[in-house]
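Keep the sequence and the structure in view while reading.

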Amino acid sequence: MTDPQATVDEETARHWDELYGGRDRLWSGRANAHLVDVAGALPPGSALDLGCGEGGDAIWLAGRGWRVTAVDISQTALDRAAAEAAAAGMASRIDVQRHDLSRTFPAGEFDLVSAQFLQSPLEFPRAAVLRAAARAVAPGGRLLVVEHGEVPPWARAAHPDRRFPTPEETLAELDLDPDGWRTERLDAPRRQITGPDGQPATLVDHLLLVRRR
Ligand SMILES: C[S@@+](CC[C@H](N)C(=O)[O-])C[C@H]1O[C@@H](n2cnc3c(N)ncnc32)[C@H](O)[C@@H]1O
C-alpha cells in the first residue's frame, strides 16, 4: 500500500505549513456555517473531512456523535487539530490522517464526505479529488462541497479576474450517474464575515449537496 507520508508534494506541504505556522491560529476554530446547516439535520454516522485544517469542523461533528476521519496535507494544521480534539475530549472519535489528496486518498466509505473550502492557490487536481470524494460516499450517504463563490471585497483589487466554479459546474465535473445520485442542494448561500480590519461583509459561497442512492 502507498505510504501517504512518503507521497506528499513537499512544496505544497511547505506552503500550507508556513501559512499555518505564521499564526497561532489561522481559522476561527468554529465549524463552518453551511456544514452546521447541513449536518445538523443528519443522524450521526461516519464522516470524512477533506482539508480539515485546524479541525473546527471535525471537532464539531465528533461532538454531535460522528466518527470523523480528518485529512490535510499540513502537519502543522493536523497537529493543532489533534491537540484541539484532545482538549475537547474528542480524540477517540477523530482519526487524523495526513494525505496529499492529489496523490493519496483515505480508505473507506463514509456517510458524509465534506469538502469545506478545499481550495488552493497552488496546482490542485480539484475535479479528480472531488470525484474521489464522491466514490468514498457510502450508499445512502452524502457529499457536501462548499467553496468560495466570490473574492472578499478587501481582496478584489488584487484578484480582479478571479472566478470560482459554480455549483452547477462542480456537479458536471463530478460526472455522477444520475440513477445513482440525487441532488439535494445546488445553491449560492450568503455568509456574514468579518474582514481583516474588523469590517463586516456578506460573502457568497457555492454549495453542492448530493446523496448516493
Ligand atoms: C482554505 S483551507 C480550508 C480549511 C478548512 N476546511 C476550513 O474550512 O477552515 C484549505 C485546506 O486544504 C488543505 N490542502 C491544500 N492542498 C491540499 C492537498 N493537496 N491535500 C490535502 N489537503 C490540502 C490545506 O492545508 C488547508 O488546510
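The model is predicted. The points below cover the ligand site, the annotated domain, the nonpolar cores and several single residues.

**Ligand site**

- The side chain of Y20 has an N or O atom 2.5 Å from an oxygen atom of the ligand.
- For the side chain of N32, the distance from an N or O atom to an oxygen atom of the ligand is 2.9 Å.
- H99 takes part through its backbone: one of its polar backbone atoms is 3.4 Å from a nitrogen atom of the ligand.
- The ligand taken alone exposes 590 Å², and the protein buries 93% of that.

**Annotated domain**

- An unreviewed UniProt entry places the feature "domain: Methyltransferase" at residues 48-141.
- Residues 48-141 are 33% helix and 28% strand, and the end C-alpha atoms of this span lie 11 Å apart.

**Nonpolar cores**

- In soluble globular proteins, nonpolar side chains tend to be buried together.
- The largest nonpolar core here has 23 residues, and the members that touch the most others are L61, W66, V68, I94, L112 and L144.
- At least two residues of this core come from each of α2 (33-39), α3 (56-63), β2 (67-72), α4 (75-87), β5 (137-148) and β8 (200-212).
- Helix α3 gives the largest share of this core, 4 residues.
- Beyond its neighbours within four places in sequence, V68 is in contact with A47, D49, A58, L61, A62, R93, I94 and D95.
- Another core, of 21 residues, lies apart from the largest one and includes L48, L50, L101 and F110.

**The loop between β3 and β4**

- D100 lies in the loop between β3 (94-98) and β4 (110-116).
- D100 counts as buried because its relative accessibility is 4%, under the 20% limit.
- The side chains of D100 and S102 make a polar contact of 2.6 Å.
- Not counting residues up to four places away in sequence, D100 touches T7, V8, D9 and I73.
- L101 is also found in the loop between β3 and β4, and with a relative accessible area of 10% L101 is buried.
- Leaving aside neighbours within four places in sequence, the contacts of L101 are L50, G51, V71, P106, L118 and V129.

- Helix α5 covers residues 126-135, and its buried residues are R126, V129, L130, A132, A133 and A134.
- An α-helix has 3.6 residues a turn, so residues three or four places apart point the same way.
- The buried residues of α5 pack against β1 (46-50), β4, β5, α6 (167-174), β6 (181-187) and β8.
- E147 lies in strand β5 and is buried, with a relative accessible area of 3%.
- The side chain of E147 is joined to the side chain of R126 by a polar contact of 2.8 Å.
- With residues up to four places away in sequence left out, E147 touches F117, L118, Q119, R126, L130, T170, D205 and H206.

**Positive phi angles**

- F117 is not a glycine, yet its phi is positive, at about 55 degrees.
- F117 sits in the loop between β4 and α5 and is buried, with a relative accessible area of 18%.
- D175 is not a glycine either, and has a positive phi of about 55 degrees.
- D175 sits in the loop between α6 and β6 and is exposed, with a relative accessible area of 63%.

**Segment before α1**

- A6 lies in the segment before α1 (10-21).
- Is A6 buried or exposed? A6 is exposed because its relative accessible area is 62%, over the 50% limit.
- A6 and T76 are 70 residues apart along the chain, and 17 Å separates their C-alpha atoms.

Conventions:
Residues numbered from 1 in each chain as written. Predicted model: local features only at pLDDT ≥ 70, side-chain atom pairs only at ≥ 80, totals over all residues. Heavy atoms only, no water. Core = buried A, V, L, I, M, F, W, Y, C linked by side-chain atoms within 4.5 Å. Buried < 20%, exposed > 50% of the residue type's maximum accessible area, 1.4 Å probe, protein only. Contact = heavy atoms within 4.5 Å. UniProt positions renumbered as here; feature names shortened; annotations may be inferred. Polar contact = N/O pair within 3.5 Å; in protein donor to acceptor, adjacent residues only side chain to side chain. Areas by Shrake-Rupley, 256 points an atom, 1.4 Å probe, with all protein chains shown as cover.
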